[in-house]
Amino acid sequence: IVRASGNFNANQDAETLYKAMKGLGTDEDSIMKLLTSRSNSQRQQIKAAYKTLHGKDLVGDLKGELGGKFKTLVVALMTPPILYDATSLRNAIKGAGTDEKVLIEILSSRTAQQVKDITAAYHQEFNKNLEEDVTGDTSGHFRRLLVILLQVRGQRAGNVDLTLFSAGEMKFGTDEEQFITILGNRSAEHLRRVFAAYMKLTGYEMEESVKRETSGGLRDLLLAVVKCARSVPGYFAETLYHSMKGAGTDDQTLIRVMVSRSEVDMLDIRADYRRLFAKSLHSAIQGDTSGDYRKALLLLCGGNDA
């Protein structure tokens with residue numbers, strides 16, 4: 001878990017990094033130990049100090065010295081969080097196909113204020129409108145729910161809305177529109193009450209109905225919204241588990257989650273991971289990655305809840 005360093009000296013840190021990259025080999029250990037023991041805002045100060053002292057761009061130098069997944073991870077650590085989210089969304093949209101996974105993960109898990117800030121950063125950085133880019137790249141109910149998440153995460157309704165269940169178990173065919181509106185517009189606390197009422201009335205957990213009644217991107221997005229309403233750390237514990245389960249590792253997701261949650265709720269994610277999967281996040285990373293990349297991820301993870 002990453003916290004701000006107490007006796008922080010940006011100039012000193014900038015020098016340490018400069019030395020680690022100067023001369024023949026690169027001292028990767030010094031780089032990763034330093035960067036993972038500073039908060040993101042401290043890393044921005046180190047970057048500024050590096051520029052002042054050496055007239056060079058720290059991120060550019062790091063990119064030149066490091067390689068592979070370790071480089072990707074370090075560059076992510078050096079990016080301000082809101083800009084990192086905005087850039088992740090931009091990359092998810094601008095390729096040939098849309099990387100729906102990234103849109104789903106970021107838009108279902110961030111707070112209303114974060115979504116606002118991400119939208120602003122997206123515009124500033126890429127001179128594009130995030131909502132327009134999302135709508136241009138998606139369709140149907142999936143697009144509708146993404147737009148709701150982009151627009152109105154802030155204006156939430158209060159009373160538990162049981163219109164959702166007017167027809168006994170809500171029928172997706174007829175009521176998708178309303179269902180999407182309710183899930184997109186309500187606070188997490190409100191949604192948890194809706195889920196409880198839904199369970200009472202239908203005998204089904206909300207997740208079961210979503211899985212049975214929908215498919216594709218819409219299903220994944222609805223599940224993410226429901227899971228985040230129940231527990232954001234729980235949602236990320238599952239996301240991490242799936243990024244490492246099976247044959248290959250989804251390194252993009254692993255890096256994105258470990259970096260973006262490192263100062264937010266990593267301890268809770270670790271606890272949920274242990275509870276849900278009967279093994280520690282630490283041991284999962286250990287078994288699934290290698291080299292400097294593994295070392296740096298384990299530093300972000302912190303302790304081993306074996």
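User: How far apart are E189 and R193 in helix 12?
Analyst: E189 and R193 sit four residues apart in helix 12 (residues 188-202), so about one helical turn separates them. Keep in mind that this is a predicted model.

User: What do E189 and R193 form with each other?
Analyst: A salt bridge, in which the closest N and O atoms of E189 and R193 are 3.8 Å apart. R193 is partly exposed, at 39% relative accessibility.

User: How does the spacing fit with that, in general terms?
Analyst: Residues three or four places apart in an α-helix point the same way, because there are 3.6 residues a turn.

User: How many salt bridges does the count come to?
Analyst: The count is 16 salt bridges.

User: Which parts does the D251 and K69 pair tie together?
Analyst: The side chains of D251 and K69 form a salt bridge, at 3.4 Å from N to O. D251 belongs to helix 16 (residues 251-261) and K69 to helix 5 (residues 68-77), so this pair ties together parts 182 residues apart in sequence.

User: Is D251 buried or exposed?
Analyst: D251 counts as buried, with 17% relative accessibility. K69 is partly exposed, its relative accessible area being 42%.

User: And R90 with D133, what's the N to O distance there?
Analyst: It's 3.2 Å for the salt bridge between the side chains of R90 and D133. R90 is in helix 6 (residues 81-94) and D133 in helix 9 (residues 130-137), so the two tie together parts 43 residues apart in sequence. Both R90 and D133 are buried.

User: Which residues are linked in a network of salt bridges?
Analyst: D29, D292 and K295 are linked that way.

User: Switching topic. Where does S262 lie?
Analyst: S262 is in the loop between helix 16 and helix 17 (266-277). At 2% relative accessibility, S262 counts as buried.

User: What does the side chain of S262 have 2.9 Å away?
Analyst: The backbone oxygen of V259 lies 2.9 Å from a polar atom of the S262 side chain. Not counting residues up to four places away in sequence, S262 also touches I1, V2, V257 and L300.

User: On to helix 18. Which residues are buried there?
Analyst: In helix 18 (residues 281-288), L281, H282, A284 and I285 are buried. They cover an arc of only 165° around the axis, so they are on the same side of helix 18.

User: What covers them?
Analyst: The cover over the buried residues of helix 18 includes helix 15 (232-244), helix 16, helix 17 and helix 19 (291-301).

User: Now the largest nonpolar core. Which residues touch the most other members?
Analyst: That core has 84 residues, and L62, L240, M258 and L281 touch the most other members. Helix 14 (residues 216-230) gives the largest share of this core, nine residues.

User: What is L62 in contact with?
Analyst: Leaving aside neighbours within four places in sequence, L62 is in contact with M21, I31, L35, V74 and M78.

User: How many aromatic pairs does the structure hold?
Analyst: There are six aromatic pairs. One of them is Y241 with F277, which is stacked at 3.9 Å centre to centre, with 5° between the planes. The pair links distant parts of the chain, with Y241 in helix 15 and F277 in helix 17, 36 residues apart.

User: How accessible is Y241?
Analyst: Y241 is partly exposed, at 26% relative accessibility. Y241, Y273 and F277 form one aromatic cluster.

User: Last topic, backbone angles. What is phi of N127 near?
Analyst: Phi of N127 is near 55°, a positive value in a residue other than glycine. N127 lies in the loop between helix 8 (112-126) and helix 9, and N127 is exposed, with a relative accessible area of 64%.

User: And A278, where is that?
Analyst: A278 is in the loop between helix 17 and helix 18. Phi of A278 is near 55°, again positive in a residue other than glycine, and A278 is exposed at 62% relative accessible area.

User: Why flag those angles?
Analyst: Because most residues other than glycine have a negative phi.

Technical notes. Residues are numbered from 1 along each chain as its sequence is written. This is a predicted model: local features need pLDDT of at least 70, side-chain atom pairs count only at pLDDT 80 or more; totals for chains, interfaces and linings use all residues. Side-chain values use heavy atoms; hydrogens and water are left out. A salt bridge is a side-chain nitrogen of Lys or Arg within 4 Å of a carboxyl oxygen of Asp or Glu. Buried means under 20% relative accessible area, exposed over 50%, partly exposed in between (1.4 Å probe, protein chains only). A polar contact is a pair of N or O atoms within 3.5 Å; within protein, one must be able to donate a hydrogen and the other to accept it, and residues adjacent in sequence count only if both atoms are side-chain atoms. Contact means heavy atoms within 4.5 Å. The arc is that of the directions from the helix axis to the C-beta atoms. A nonpolar core is a set of buried Ala, Val, Leu, Ile, Met, Phe, Trp, Tyr and Cys residues joined through side-chain atoms within 4.5 Å. Rings of Phe, Tyr and Trp (its six-membered ring) pair if their centres lie within 6.5 Å; planes under 30 degrees apart count as stacked, over 60 as edge-to-face and the rest as tilted.
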